[in-house]
Amino acid sequence: MSSVHESVLGQMGRRYLWLAVGVVVAMFGLYGWQAPTGLPGGGTWLGYTLGTLAALLILWLLALGARKRSYASKLGTVRGWVSAHVYLGLAVVPVATLHAGFRFGWNVHTLAYALTCAVVVLGIVGVVLYARYPERMSANRQGRTRQQLVEEIADLDARAVRVAQALPAEFDDAMRSARDRLILGGSAFDLLAGRDGSSVVLPRAGGSSGPLSNPYQATLLAWLGDRLARSEDGELSARVQELLTLTSAKRGALERLKRDLRFQAWLDAWLYLHVPLSFGLLAALLAHVASVFIYW
Amino acid sequence: MRALIRFLTRAPGGAIETRERVFEGDALTLGRATDQVLQFKDRRVAFQHARVYRRDERIVLSCRSPATIVINEALVRDVELSLGDVLRLGANILTIVAPPAGIDVALTFELDPSVAGSDVEAVDPRLRLRSVRLGKRGWSWLLFLGILAAFLVVPFVMLSGKASLEGLRAGPLPCDHAWSTGALHEAHRTIGGRCDACHQRPFVRVENQACLACHGPALHRHASPGIAVGADPDSARCERCHSSHEPALLTRRDDALCTPCHADLKAVTAGRSTTGDATDFGTRHPQFRVTLQVEGASGDADRLRRVPVDSPTLREKSHLKFGHAQHLDPRGLKTQDGTRVLGCGDCHRPQPGGARMQPIVMTEHCQGCHRLDFDPAFPDRQLPHGDVAGVLNTLLEYYSARYLEGWPDPAARGPGVRFTATPGPALAAAERERRLGIAKARTQIVARDLFARRACSVCHEVRQTPDAVVPWEVTPVHLAQAWFPAASFDHSRHGTTLTACTRCHAAQRSTQADDVLMPGIESCQRCHAGSASSTSGKVASGCPACHVFHDSRRGRWVVPPAAPGRAP
């Protein structure tokens, strides 16, 4: 576990862990102790109590979004808020389940419950990702920044184009095309899957090819290898060998960068669902509470 | 199609660097996307902006709508290219030049030095999710407003109009059905999806009128008039006990339904209730009280008194002479048909359904042995039961007929019937009177014997009265038909070998008709315990096992006036 993660959920968060455990145990105790007249559910006095508690918890959990942005706030540290957010967020599911009396259906009430569960599960995903990825990211970067990785690739590209200038035009075209058609990031899918959407236009007998897919420079490396095998000129071979070396190095740097981007994308991705679903949950919660009293 | 692309790069000194590329394919594609033959790193260019291809002998350029391109300072979408045409696409200039041999179209490609390069090369590498048009804010608003509108605002607005509400319910969008917490009980299926049939006013709890609109005619109140249902104003609400959206609980059958009031009924009714407190059948329940008619009352249901079964003064004034013990003599009873051993079932027969017993009727249950014959010569001739004047008339008619047999009375004829004298001697008037006199005297003797000694007084209290015509009076019999009218007991459900009649009714030891053979609570508690006593090895029996709430002996249910401080 990274040290940052430990400080959020560990030492500092301990008191919120005990608070959450206390709340859940107390509510289970009340639930077991009470003898509802009729089925358990939101309509009993305990049901209203649990529902109010769950709703207040959800509103407070949503407030983290506001607290995170207000840098001037003196209302606790953001770290404290995050650890409380995690532990009390986990407590919402048992409290809401007791509020529902373990009864569910196809209605707006269960919609609110399902969204609660989905948001909490995504939150757990986020906690797990933040527990594992930062460490793997630093191991992958080996002390460099992302910008340095990008610059390394650009540097390798520039060197390759310079080498190719002295060679026949087909090499110049190929190396420029590989440079121009390199895609570092890409679509959301590319980022999350680590897919490389780069392409390259290669010279062909009588003209040039259309764009060819060039994932991790594989197509270019194959083409260079082919050219090297066919070369009978010692000087040319040496230069092509140099291009191969540079492109291989570019491939390595690219793999490192794409891995870094993939980690980053996953660290970002869960929040892209966590936040919008939280707002969906807020709407479902409002509809749940209002509809219960409209049709009292 | 073969195309030659000549890339021109102007060096700062004015020198022009040229690179050429030959493309061979169906169409030369231009755009920002990576799969385009000519890729533009310029935001003003669409992903798939245009394509250049050969149509017959001409070379044409066609933009993919809505993209356009500037050719020779004119904005066009589809155009036939000719030599010398200058195409401007973002910050790029493409010029059609004369193609060398074997090439269909040739063009030069260079950056326009006059255009600011801010948009060129500024296509930032999309390294983070936030740069790929995946927003949190937009989705958040969409989900928030979408769910709020679909599940709250639209259904709520539609509530105001009946037609619009029906329309929404018929459609595919969520309607107020999404607010339902559970399916209705089968008995309420006819309501269908019309939530507003019961939820008549928003933000007001379901009112009793909604229930009484259908149930009013058949519904009885709980307590007697003048006694409040309870201190809790909620206790008068139908929904307190009937949870419509919990089919299993449409009718509640738990003790908590009753105990809030019955734990201390005196306090709840300000001392007016005489019913003992009860919270649990096994541990806190008053002794049973049998309901008896008040002496002298004429069947008025209100003139009843209730006496605990263990009261030493408990007697039923039935005005009957009867002993269960004599009738159940195991050695048998001497009857016309020989010795018979009677069992309970010989007289006590269950009503259809088996819950309660049929009333005891003399002609059905007693007369088989207690025959009402009066002339040993004619044992089949019996007197009517239950009618003193009728008995006297029957006797008089019988004896008159016997003494005047064969001597019809010429004067006694019905209207319109002509008397035809029969041949033979006629009875003289004096003789006729004499014979009638004997018949009357005989009637008196037999009647006195029957009423006072032999037949009637065996079972009944018979008094002689000064009345000349009907000189006897039989005290009317009051037999209770329902000892515990408020309790629902079913004999048929207790018809096991473990529960023989005598287990609850000590008939073998009863010698008096006044004995009340109803069992006390101890008798039931041998097998039954309260609903909370599931571990006692007894039948867990809550209040509704024996009691009903809507009591048909009470008046009709009416909407109680709204308690102060609640919604009107």
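A salt bridge is a side-chain nitrogen of Lys or Arg within 4 Å of a carboxyl oxygen of Asp or Glu. I looked for this between the chains and found a count of one between chain B and chain A: A:Arg103 pairs with B:Glu246, their closest N and O atoms lying 3.3 Å apart.

I note that this is a predicted model, in which local features need pLDDT of at least 70 and side-chain atom pairs count only at pLDDT 80 or more, while totals for chains, interfaces and linings use all residues. Residues are numbered from 1 along each chain as its sequence is written, chains are lettered from A in the order in which they are written, and side-chain values use heavy atoms, with hydrogens and water left out.

I then examined the contact (heavy atoms within 4.5 Å). Chain B gives 56 residues and chain A gives 57 residues. The buried area (accessible area, 1.4 Å probe, that two parts lose on being put together, summed over both) is about 4700 Å², 63% of it on carbon and sulfur atoms. I recorded that B:Leu127, B:Leu129 and B:Lys136 supply 15% of the area that chain B buries against chain A, more than any other three residues.

An open sheet of five strands runs in the order E4-E3-E5-E6-E9, with mixed pairing; strands pair if DSSP finds at least two bridges between them. E4 and E9 (78–80) of chain B are the edge strands. E5 (residues 50–55) and E6 (residues 58–63) of chain B pair in the antiparallel sense over six bridges, and B:Val52 has B:Leu61 in E6(B) as its bridge partner.

How values were computed: Helix = DSSP H or I, 4+ residues; strand = E, 2+ residues; numbered from the N terminus.
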